[in-house]
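Below is a short report on one model.

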Amino acid sequence: MTQQRTVLVTGSSGLIGSEAVAWFDRLGWEVVGVDNNMRMIFFGPEGDTRWNLSRLQERTHRFSHINLDIRNRESVAQLFQERTFSLIVHCAAQPSHDLAARMPFEDWDVNASGTLNLLEAARRYCPESPFILMSTNKVYGDAPNELPLVELESRYEYARSTDFDGINETCRIDRCLHSLFGASKLAADIMAQEYGRYFHMPVGVFRGGCLTGSHHSGVELHGFLSYLVKAMVHSKPYTIFGYKGKQVRDNIHSYDVLNAFFEFYQNPRAGEVYNLGGGREKSLSVLAAIRKIGHPAGRRIAFT
Ligand SMILES: NC(=O)c1ccc[n+]([C@@H]2O[C@H](COP(=O)([O-])OP(=O)(O)OC[C@H]3O[C@@H](n4cnc5c(N)ncnc54)[C@H](O)[C@@H]3O)[C@@H](O)[C@H]2O)c1
């Protein structure tokens, strides 16, 4: 008989968290999801994730949801005391640069302190269980912009072919500009690495670029492809912020992110960091995305 495993997924109603719920439910695991729908507080009604929670509740078999705020240290510790988790997938976050400047305390409390609450609870109650932190490439701040670029018709491109494989994990993380969001995520990222290395815990840190999928509650300030498609479908104006729309990102599907997480679960390391890149063929600029999705006449694109 196989042992029943339980995974804790934070941010379980969000893009990556909901993919994690579905993934482990399919594998027959028990899934405990934590999400307080704070995305709606961050972004208003368009950020409301309850539709995604209902979808999961209808379609999964062993999923239970807890409306818990990861900022609440006591509640987080109590959850770990009461339940035994074989794996923790931590995806709850304040995910936007621009919003962080407007809500610096909430941003820090969720991203940095919330992560510490989970790491410490894991250390106390299940230190042998793999812990996955969903981090971001924003931990590198604007350091990657120092690589020489050339401007093409629809995108910026690396000037040197030796850079074509992109930025690796040795890129420096300090002495550059991050945004408050980048700084709070970097704090969480470093703390997670430290729990791995200092306490020898199986902690993996995954740094995403642009992650996407149909279960994102995309809003203008977060969830680029999801929001772009919505704007196109509903004939809303779409605003490109800076760089003439030629800024390039890897766009990785949430399902592929889960594949990476599962590989880590099966072969965890203590405090390892992974950039989640897709290679040049999975990267595109904002302009290229607009063209790919289709841009029927009459849909306004504004540039700032
Ligand atoms: N989506 C991307 O393009 C992208 C890129 C790089 C990194 N990431 C990182 O991946 C992670 C997941 O991103 P996502 O796109 O799934 O975001 P998301 O906003 O869709 O999901 C996050 C979920 O966390 C919940 N949440 C927020 N604060 C909470 C709190 N205090 N307590 C409990 N739940 C809370 C929100 O309600 C939301 O449902 C984040 O750490 C984000 O920084 C995302």
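The buried residues of α4 pack against β1 (6–10), β2 (30–34), β3 (63–66), β4 (87–90) and α6 (104–125). Contact means heavy atoms within 4.5 Å. Helices (H or I, at least four residues) and strands (E, at least two) are DSSP runs, numbered from the N terminus. The model is predicted: local features need pLDDT of at least 70, side-chain atom pairs count only at pLDDT 80 or more, and totals for chains, interfaces and linings use all residues. Residues are numbered from 1 along each chain as its sequence is written, and side-chain values use heavy atoms, with hydrogens and water left out.

Helix α4 spans residues 73–82, and its residues Val76, Ala77, Leu79 and Phe80 are buried. They cover an arc of only 155 degrees around the axis, which puts them on the same side of α4. The arc is taken from the directions from the helix axis to the C-beta atoms. An α-helix has 3.6 residues a turn, so residues three or four places apart point the same way. Glu74, Gln81 and Glu82 are exposed, on the face of α4 turned away from its buried side. Buried means under 20% relative accessible area, exposed over 50%, and partly exposed in between (1.4 Å probe, protein chains only).

Now the ligand. Of the 31 residues around the ligand, Asp35, Arg39, Met134, Lys185 and Leu211 come nearest. A residue counts as near if one of its heavy atoms lies within 4 Å. By class, this shell has 15 nonpolar, 12 polar and four charged residues. α1 (15–26), α2 (38–43), β5 (131–136), α7 (180–198) and β9 (210–212) each supply at least two residues of the shell.

| Residue | Protein atom | Ligand atom | Distance |
|---|---|---|---|
| Asparagine 36 | polar side-chain atom | nitrogen | 3.2 Å |
| Methionine 38 | backbone N or O | oxygen | 3.0 Å |
| Histidine 216 | polar side-chain atom | oxygen | 3.0 Å |

Taken alone, the ligand exposes 810 Å², and the protein buries 98% of that. Areas come from the Shrake-Rupley method with a 1.4 Å probe.

Two loop positions remain. Glutamine 94 sits in the loop between β4 and α5 (97–102). Glutamine 94 is buried, with a relative accessible area of 1%. Its side chain makes a polar contact with the side chain of aspartate 107 (2.6 Å). Such a contact is a pair of N or O atoms within 3.5 Å; within protein, one must be able to donate a hydrogen and the other to accept it, and residues adjacent in sequence count only if both atoms are side-chain atoms. Leucine 147 lies in the loop between β5 and β6 (149–151).

Technical notes
Ala, Val, Leu, Ile, Met, Phe, Trp, Tyr, Cys and Pro count as nonpolar, Asp, Glu, Lys and Arg as charged, and the others, Gly among them, as polar.
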